[in-house]
Amino acid sequence: MLSKFSVYFLLPTAFLLFFPFAANAQKHRSRIRPLLKKPFVNSPASKYRTPVPAVVIEEKLAVLRFEPSLIAIPMQRMRAGRSVSITGERQVEGVTFYRVQLPPDKSGWVQAQALASNARPGDDERLAKLIRVFDGFEQLELASIFLENFPKSTFRPAILLLVGDLAEEAAQEVSRAALRKLDANEMQASGAPVHSFYLNFNGLDRYRKVGINFVFNLNVKQFHYDGAVWLEILQKHSGDTEALEARKRLDSLALQMK
């Protein structure tokens, strides 16, 4: 049996042995991420029998998360134009989330308004409205996403005409930038054709990536949009009001390229 003296002697020793473990546990506890009690599993009603193709249209909302929640741990932020497949749906606190697959093997949850799909009625109108509130290159990029993903939309002729006008405005900006940055002495010393410097100008790169191409008039050192969307309007939407405007723009392009 331990004496009273022995108990008093052992207590400090026990405290010292325990204290480092308690301190370490407290130190590391703040770094442990909270986990759900069990992984989220789609209910049968929220699963899609066939994956629905979709595209990212709103980068500010396009956060891919591990769970369907605005406070869930993020995996990555997806850029506008990123293609995904919707495989499930879930409502959480008044917000709709889609479970999506990203090639080759990544999956997660994203807020529904970040995406648009040709398979869902009304998404073309929603994207058309979104395009109208942007400006500059972002507007042209979104409009190009619309054309790529909504080939039969009733809004397509209007978006085609808009893309052409935005591209011609961009051609004027690129022309001014090229004149400032390309050096005449360097071009002459290189021995390369002058027009090749202009058509290799790095200011064209981001437009080509979204399917916008320019032609170049060497006589006046001026870029112009090549008119592809105006031709599409005349070929596929000749009965729409946009056809008359498309013809005017093609005639103007022909004059400017002389």
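Mentor: Happy to! Keep in mind that this is a predicted model. Let's begin with Glu141, which is found in helix H3, spanning residues 136-149. Glu141 is buried, because its relative accessible area of 13% falls under the 20% limit. Leaving aside residues up to four places away in sequence, Glu141 touches Arg79, Ala80 and Val210.

Now to the salt bridges, of which the count comes to 10. One of them joins Asp123 to Arg120, with the closest N and O atoms 2.5 Å apart. Both ends of this pair are buried: Asp123 has a relative accessibility of 6%, and Arg120 has 17%.

Next, look at Arg249 and Asp165, whose side chains meet in a salt bridge at 2.7 Å, N to O. Arg249 lies in helix H9 (residues 242-256) and Asp165 in helix H4 (residues 156-181), so this pair ties together parts that are 84 residues apart in sequence. Asp165 itself is partly exposed, at 28% relative accessible area.

Lys248 and Glu245 are separated by about one helical turn, because they sit three residues apart in helix H9. Lys248 is partly exposed, with a relative accessible area of 46%, and Glu245 is also partly exposed, at 28%. Finally, salt bridges that share partners link Asp165, Glu245, Lys248 and Arg249 into one network.

Methods:
Residues numbered from 1 in each chain as written. Predicted model: local features only at pLDDT ≥ 70, side-chain atom pairs only at ≥ 80, totals over all residues. Heavy atoms only, no water. Helix = DSSP H or I, 4+ residues; strand = E, 2+ residues; numbered from the N terminus. Buried < 20%, exposed > 50% of the residue type's maximum accessible area, 1.4 Å probe, protein only. Contact = heavy atoms within 4.5 Å. Salt bridge = Lys/Arg side-chain N within 4 Å of Asp/Glu carboxyl O.
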